[in-house]
Amino acid sequence: MRVGIISVFTDYHRAGAHNRGALQPQVGPLIAALLPPGTEIDIVNDVWDDPDWSRDYDLVFLSCLHSDFDRARQISHYWRRRGAKTVLGGTMASTYTRLCGPYFDAVAVGDPEAIVPLIVDDVGRGQLKPVYIAPPFDARRVPHPRLDMVARKQVLPLGVEATRGCPFTCEFCALTGIGTRFQTRPPDSVAAEIAAGQHSLADLVPWWRRHIALFYDNNIGGNPSHLRELCDAFVPLRIRWGVCVTFNVICDPRNLKALAKGGCRMVFVGLESFNPDTLRHMGKHQNVLARTRAAVDLCHEHGIIVMAGVMLSPATDSIDYIDSIPQHLHEAGLDVPTYVCFETPFPGTPHFKQLAASGDGAFIPNTLLRDLNGYTLAVPPRHASAGDFVAAYKRLYKTVYSRRSRFRKFLHDLPRFARGGYAVPILFDLYELFSEGAGLNEARNFIAGLDIEPPEARAVPLIEGDFESEEEYERIMRPWRISDERGRALPMWSGAQPLYRPKGRVSVTVRGFASSDVPQPEEATGIATLAGCGETAKL
Ligand code: B12
Ligand code: SF4
């Protein structure tokens with residue numbers, strides 16, 4: 001069987017560029033490891049490169065984030081018309097199964113380990129079902145991902161996942177939307193996976209790329225004592241690694257000691273804001289602003305560089321506050337954030353549901369699904385006009401990513417890391433200093449519903465003959481809409497189903513999901529008409 005696994009991507013800077021950064025989606029190597037021997041596998045990392053449209057597949061697995069869904073629908077249609085069966089998985093598929101159903105031959109809900117082999121079997125027997133619901137996570141089922149297959153499409157191909165989920169419940173987070181769970185893998189088995197990964201990469205990449213690992217966990221420190229056990233298990237591997245943790249983790253010297261000893265040299269922390277009202281509004285109670293500088297210093301003392309993201313909240317942030325962020329970043333010892341974006345209501349999250357329940361004007365009118373990517377303003381600001389808010393965002397972006405700011409950060413970090421003999425954090429700093437990053441796209445206005453179209457919107461090479469009717473064309477090609485012309489959420493978005501219940505159990509509602517619950521194409525035409533916006537894409 002010829003199987004394609006496509007991680008769909010739409011450049012959120014709307015330049016149609018690929019993202020060649022260190023962080024690349026890992027679901028491809030994971031699904032590949034679940035396929036039976038003899039399968040002809042093609043992992044397509046759309047983040048890195050376009051799919052090869054001339055390929056023939058029997059089965060295509062697709063994975064996407066919310067804002068990539070328009071492209072995922074088009075890619076699915078493209079390969080369905082060419083004889084393949086398509087299966088969508090991921091957060092959108094798991095929370096809006098009914099909406100996704102008509103555009104794919106099957107929708108996979110939850111973790112892939114148990115269901116991917118079933119799907120392949122069913123395709124082989126010609127009996128694919130419309131929905132597959134994963135049983136609760138079982139660490140023993142996690143295979144060693146096929147890192148060898150993506151070695152040339154990742155700067156750091158040693159990608160590892162030691163946990164799933166996160167115990168916190170931030171209001172804006174897609175993980176809270178899917179239902180809070182936190183599941184760990186035994187440290188020995190994670191260490192064994194790293195050693196096996198290094199072995200499989202031996203003839204493919206140079207030594208250093210086999211000795212710097214990236215952990216893809218949302219929050220590897222969700223259980224700090226498990227984190228410390230992981231660190232102990234990594235000591236004999238002598239690897240250097242980077243990881244994402246929550247703020248509380250870097251406040252505890254015991255964690256820092258263990259992280260440093262285990263080889264950790266970079267942590268990413270979701271700092272999000274220096275505005276206490278914003279942190280409260282986000283439900284990000286684990287962040288304690290008064291301790292930021294001390295936590296960053298503690299990391300640096302242990303030879304660990306801190307990367308942090310910043311979000312602007314239309315609900316609580318004023319222009320004066322936004323203009324003060326560079327100073328806050330400097331005082332915190334961070335200077336250059338990994339990203340600066342808008343707090344975004346990803347569909348299905350508590351933040352989204354609260355806005356959807358508040359009626360007119362909750363969203364910017366005619367917000368599109370593709371606008372919900374963190375880099376387009378989708379919620380009207382309370383303390384400024386949308387234009388002033390965007391202008392302040394642009395000012396901030398230009399200041400924090402200026403050469404001056406990056407150089408200042410480098411000079412600040414260098415002596416401390418050099419004194420301790422820590423080479424890897426200096427490498428991370430140099431990478432930031434010299435990487436051009438994505439400059440601001442001056443053609444954009446950054447306002448949902450009004451912004452320029454991303455080039456990917458018309459990039460799947462579908463031809464007229466690929467559509468049976470005008471209705472089908474509309475269903476596949478029209479970008480999906482979130483809000484109407486009065487800024488109210490469309491009713492179709494109220495039907496998100498959280499997948500997880502406490503302790504990671506799969507929800508009873510989802511377990512009871514029957515294949516007959518997936519709408520037929522006729523009903524989908526209704527949904528698409530509702531979701532469609534005024535403008536129609538032309539082939
Ligand atoms: C790599 C990554 C990226 C990459 C690639 C994105 C991409 N297209 O995949 C880049 C750097 C481009 C990126 C950008 C951003 N990201 Co990002 N990213 C990640 C990260 C760290 C790893 C994803 C991954 O590979 N995980 C490991 C794989 C194995 O698991 P998974 O993809 O989560 O899938 C699981 C299930 O969903 C399921 N599954 C998924 N697909 C499929 C398909 C099939 C067929 C099946 C059966 C199962 C299945 O199986 C997996 C295991 O359970 C996650 C955090 C995380 N740990 O997941 C955040 C994460 C996905 N990103 C997130 C965010 C917020 C962002 C940014 C907004 C950040 C920013 N401000 O810049 C941007 C823009 C994203 C957008 N357009 O909305 C959020 C979610 C956003 C969302 N829309 O859902 C996450 C969850 C982080 C978080 N906790 O907030 N990101
Ligand atoms: S701490 Fe991070 S991963 Fe966990 S819920 Fe909050 S934003 Fe999501």
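1. A residue counts as near a molecule if its C-beta atom, placed from the backbone, lies within 6 Å of it. Keep that cut-off in mind for the ligand. Note too that this is a predicted model.

2. Start with ligand 1. It is surrounded by 40 residues. The closest are Pro 25, Ser 63, Gly 89, Ala 174 and Gly 374. By class, this shell holds 21 nonpolar, 15 polar and four charged residues.

3. Next, see where the shell comes from. Several helices supply at least two residues each, including H1 (27–32), H5 (115–124) and H6 (174–178). Domain 1 (2–136 + 491–531) and domain 2 (156–343 + 379–434) each give the shell at least three residues.

4. Now the core. The largest nonpolar core has 147 residues. Leu 62, Ala 108 and Val 267 have the most contacts inside it. Domain 1 and domain 2 each contribute at least three residues to this core. In soluble globular proteins, nonpolar side chains tend to be buried together.

5. Is Glu 272 buried or exposed? Glu 272 counts as buried, because it has 23 C-beta neighbours inside 10 Å, and 20 or more are required. Glu 272 lies in strand E12 (residues 264–272). Leaving out residues up to four places away in sequence, Glu 272 touches Lys 284, Asn 287 and Gly 309, among others. Ala 308 is 36 residues away along the chain, yet the two C-alpha atoms are separated by 7.6 Å.

Key: Residues numbered from 1 in each chain as written. Chains lettered and ligands numbered in written order. Predicted model: local features only at pLDDT ≥ 70, side-chain atom pairs only at ≥ 80, totals over all residues. Helix = DSSP H or I, 4+ residues; strand = E, 2+ residues; numbered from the N terminus. Nonpolar A, V, L, I, M, F, W, Y, C, P; charged D, E, K, R; others polar. Domains from an automatic or database assignment. Buried ≥ 20, exposed ≤ 12 C-beta atoms within 10 Å, placed from the backbone. Contact = placed C-beta atoms within 7 Å. Core = buried A, V, L, I, M, F, W, Y, C linked by C-beta atoms within 7 Å.
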